[in-house]
Amino acid sequence: MKKVTLTLILVFLICIDIYSQALARKGWLGAKVENVNDSIATVLKLPQNKGVNITQVVGGTSQKLGLKVNDVITAIGNQPVTNLVELSKVLSQLTENQSVIFQLIRDGKPIQLKGKVVGRARESSKTVEVIYESVPYKEGKLSAIISKPKKSGKLPAVLFVPGYTCSSIDNLPDYHPYKRIIDAYTDGGYVVMRIEKSGLGDSQKTPDCSTTTLLDEVESFGLGLQKLMSLSYVDSSNVFIFGHSMGGIVAPALSSSTKVKGVIVYGTTAKSWFEYQLEMNRLQLKLAKTEPLEYEQNCRLQAEIAYEYFILNKSLSDIAKNKEKAEALKRDWQFDGNNMIFDRNQEYWRQIQNYPLLENWKQTTSHVLVLYGQADFQAFSKPDHEQIVDTVNFFHPNQATLIEFPETDHYFSKSGSMQNAFDLFNAGKYAELFENFNVEVTQKTIDWSNQLIK
């Protein structure tokens, strides 16, 4: 499921943010960058087309060290930087106030810039306390961000579980749909906890997100749930899990073993990933207005690839030995030529295929709210959402409810038809999508939650 200042005195007086057990802040480069290619190397008179070119300095470490536009980063410390991937890996190891040396080429000559790493500002709010915590995980710690209403006593709480992407959930802009859900719940008097996925945000000594699997994520969010229920200001008898997209698969995995007050899922699936991906491919090719014969040829080829991958358990590299399938994998599966598709490793997707989705719903004894957006072209199947409700109610009568939202897409936005939602997304008009957030989703969800805690 698919897919950016007030005065200091005023902030200090109004925003009392608590950094209990906060992890050291990861470094902020504070610059826009691009890979050096042949044309850039020629213009900048570089000896080779390796490195990362600075196209804009906006703040952070770049500004403090004095980086300039058209500086080319070739190494940080003793670690070479030949492209954006290497830059990202090096930056992920840097924390605020750490001494650092940037090796650069400026005006065709090598130079060094030394200084201290600048960390990204922590999230703050005028209306809630933002608490940075940590959760032990494997050999390190995951970063946790808690939004707490300024109320005394024990409060109901929500663990928010996002979709599949390896994206940080820290410092979300106000227009982001996840931030709107968090704000709606905190406005309603709920504590909301977000857990960074492994290797993201300020997490320390944890595996890179791209290398982790579904089972790893279930483990990490399970630890987050335990942390949330142990907090002194949380009413552990009134804890909810909200799972969006792939979070709708993780959420019942948690609730199947830990009793919570309620589970809310939006835009998810109940079928095997093999079936889901084939159905999604057919739907989205149709929405893309693919020529009929090309459409059918593509669908049949996708079915062959999916069968080999999900059912026969062939490796991606073996499947890609066929030239036509290799091209389809790169074009349609975002295959990196090694073991990554859709920005996650091949084992991650295979585990989803084999995961006991409905068994987890069977074992969930909590109240369940299933939300379905009729314009969702990613989690498109209304029968899947109905199947979750039917499964829960079969084993636990009257525990599950389905709410449909007309004209609402995967990102909780009022996009009109599924076709219009697809066209906006495909055109990269994400801001337009996010601006049209459907407040009915949060209103009805919080009303449902409130009825359970009375």
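Trainee: In which sense do strand 7 and strand 8 pair, and over how many bridges?

Mentor: This is a predicted model, and the pairing is read from it. Strand 7 covers residues 128-137, and Tyr132 has Ile145 of strand 8 as its bridge partner. The two strands pair in the antiparallel sense, over 10 bridges.

Trainee: In the hairpin of strand 7 and strand 8, which residue takes a positive phi?

Mentor: The hairpin has two residues between its strands. The positive phi, near 50 degrees, belongs to Lys138.

Trainee: Is His410 buried or exposed, and at what relative accessible area?

Mentor: His410 sits in the loop between strand 16 and helix 15 (418-426). Buried means under 20% relative accessible area. His410 is therefore buried, at 2%.

Trainee: What is the phi of Ser245?

Mentor: Ser245 is found in the loop between strand 11 and helix 7 (247-255). Ser245 is buried, with a relative accessible area of 2%. Although Ser245 is not a glycine, its phi is positive, at about 60 degrees.

Trainee: How does Asn70 count in terms of relative accessibility?

Mentor: Asn70 lies in the loop between helix 3 (60-65) and strand 3 (72-76). Asn70 has a positive phi near 80 degrees and is a residue other than glycine. Exposed means over 50% and buried under 20%. At 39%, Asn70 therefore counts as partly exposed.

Trainee: Why do the buried residues of helix 17 lie on the same side, and what arc do they cover?

Mentor: The buried residues of helix 17 are Val441, Thr442, Thr445, Ile446, Trp448, Ser449 and Leu452. They are on the same side of helix 17 because their arc around the axis is only 155 degrees. An α-helix has 3.6 residues a turn, so residues three or four places apart point the same way. The arc is 155 degrees.

Trainee: Which strands are included in what covers the buried residues of helix 17?

Mentor: The cover includes a helix as well, helix 5 (177-187). The strands included are strand 11 (234-244), strand 12 (262-266), strand 15 (367-373) and strand 16 (400-405).

Trainee: Which residue caps the N-terminal end of helix 17?

Mentor: Helix 17 (residues 439-453) spans 21 Å from its first C-alpha to its last, close to the 21 Å expected. At the N-terminal end, a side-chain oxygen of the capping residue lies 3.0 Å from the backbone nitrogen of Glu440. The cap is Asn438.

Trainee: How many residues does the largest nonpolar core have?

Mentor: Leu228, Trp333 and Trp349 have the most contacts inside this core. Beyond four places in sequence, the residues that Leu228 touches include Val191, Met193 and Val239. Another core, of 29 residues, lies apart from the largest one, and Ile446 is among its members. The largest core has 75 residues.

Methods
Residues are numbered from 1 along each chain as its sequence is written. This is a predicted model: local features need pLDDT of at least 70, side-chain atom pairs count only at pLDDT 80 or more; totals for chains, interfaces and linings use all residues. Side-chain values use heavy atoms; hydrogens and water are left out. Helices (H or I, at least four residues) and strands (E, at least two) are DSSP runs, numbered from the N terminus. The expected span of a helix is 1.5 Å times one less than its number of residues. Buried means under 20% relative accessible area, exposed over 50%, partly exposed in between (1.4 Å probe, protein chains only). The arc is that of the directions from the helix axis to the C-beta atoms. Contact means heavy atoms within 4.5 Å. A polar contact is a pair of N or O atoms within 3.5 Å; within protein, one must be able to donate a hydrogen and the other to accept it, and residues adjacent in sequence count only if both atoms are side-chain atoms. A nonpolar core is a set of buried Ala, Val, Leu, Ile, Met, Phe, Trp, Tyr and Cys residues joined through side-chain atoms within 4.5 Å. Two strands pair if DSSP finds at least two bridges between them.
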